[in-house]
Amino acid sequence: MNLKKSVQVGDIFATPLPMNKYGAVKVMDIIDRSYLLGITSYIGEQIPTIESKGIHQILITESIADGVEKPLFEWVDGKLPKELSFIGNIALTTDEIGVESNIYAGKWAKECGIDVYYKWREEADPQGFKLETQKKIEEADAYTRRNKISKPKKMMDDQVFWKIISLLDWSKEDEEAIIEDAIKELSTFTVWKIRYFEETLSYKLFLLDTEEHAREMGEDCFASQDQHFSSDLFLYARCAVVARGKEVFEDVLSNPSKMLKDTEFEILLSLSSEAYYLKMGKEFEYESGCSYETFSNKEGWSNTL
């Protein structure tokens with residue numbers, strides 16, 4: 001535990017790392033309550049001493065900005081974390097005096113020396129480190145999706161939206177032929193209105209994303225968390241509801257028991273992108289405020305998620 005009352009340039013502090021290891025950081029500069037830290041090359045299972053190998057060397061890492069390998073210095077703000085242990089003071093070398101850094105690492109925390117652990121893991125077990133990193137990214141993405149506040153952006157006028165949907169030609173057997181007229185009509189709108197259409201479609205699919213509707217979709221319905229349930233099939237089933245028009249959509253939305261059974265219409269998801277490509281000759285890129293992916297409507301699955 002850190003018992004030092006004040007921080008001075010040249011101070012060395014041991015930092016806790018994962019897997020019961022330790023690193024160390026060196027204070028290179030102080031401006032008010034901000035500290036420029038040099039992340040040292042030390043990593044070991046014992047708290048380092050002032051004589052430990054690596055304490056006198058700053059970690060060399062590849063810069064994110066330009067890809068050049070250089071010593072790692074970063075600014076932090078705030079109080080010295082209580083988890084850090086003071087192990088001594090080493091005067092700055094001639095090369096260290098006046099070093100600069102534009103890296104800001106935020107609040108001074110116990111994780112301030114983590115970069116040496118990452119480099120050690122990458123060198124000691126590159127494959128395992130890659131898998132570990134990927135897992136953390138996926139977990140972070142999943143957390144973001146779970147906690148994202150879904151709110152639609154600007155949408156198309158409802159009457160105009162349903163007019164385009166009404167152009168789906170159910171007399172045709174081929175799905176591409178069914179949506180052909182709707183694509184052509186939407187392609188005559190401005191780029192922004194094509195985005196508004198996509199936003200409106202996404203929001204209506206989002207509203208249908210509830211456990212009650214999933215339980216009424218037919219043979220592949222949601223039964224329990226222990227049984228297989230295809231989130232994709234449920235999405236395509238919701239597409240079928242919207243594709244059948246305003247009256248069907250509103251009826252099913254308010255009465256989940258009227259959910260269309262064993263019916264899907266995945267191709268509806270391509271309507272905006274096809275219209276955009278027809279108009280602009282390039283791929284459609286747009287992220288809606290409300291995701292239509294299954295389980296995005298947290299309130300609709302409040303008893304399950």
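**Reading helix packing**

Modeller: The axes of helix H5 (residues 191–207) and helix H7 (residues 231–243) come within 9 Å and cross at roughly 115°. This is a predicted model, where local features need pLDDT of at least 70, side-chain atom pairs count only at pLDDT 80 or more, and totals for chains, interfaces and linings use all residues. Residues are numbered from 1 along each chain as its sequence is written, and side-chain values use heavy atoms, leaving out hydrogens and water.

Biologist: Which residues of H5 and H7 meet?

Modeller: Contact means heavy atoms within 4.5 Å. Leu201, Lys204, Leu205 and Phe206 in H5 meet Leu235, Arg238, Cys239 and Val242 in H7. Six of the contact residues are nonpolar, none polar and two charged. Here Leu, Phe, Cys and Val count as nonpolar, Lys and Arg as charged.

Biologist: Which residues of helix H3 are buried?

Modeller: Buried means under 20% relative accessible area; exposed means over 50% (1.4 Å probe, protein chains only). In H3 (residues 158–165), the buried ones are Phe161, Trp162, Ile164 and Ile165. They cover an arc of only 155° around the axis, so they lie on the same side of H3. The arc uses directions from the helix axis to the C-beta atoms. Gln159 and Lys163, on the other side of H3, are exposed.

Biologist: What covers the buried residues of H3?

Modeller: The cover includes helix H4 (175–186), H5, H7 and helix H8 (246–254). Alanine 177 sits in H4. Alanine 177 is buried, at 18% relative accessible area.

Technical notes:
Axes fitted to C-alpha atoms, helices over the stretch in contact; angles between N-to-C directions. Helix = DSSP H or I, 4+ residues; strand = E, 2+ residues; numbered from the N terminus.
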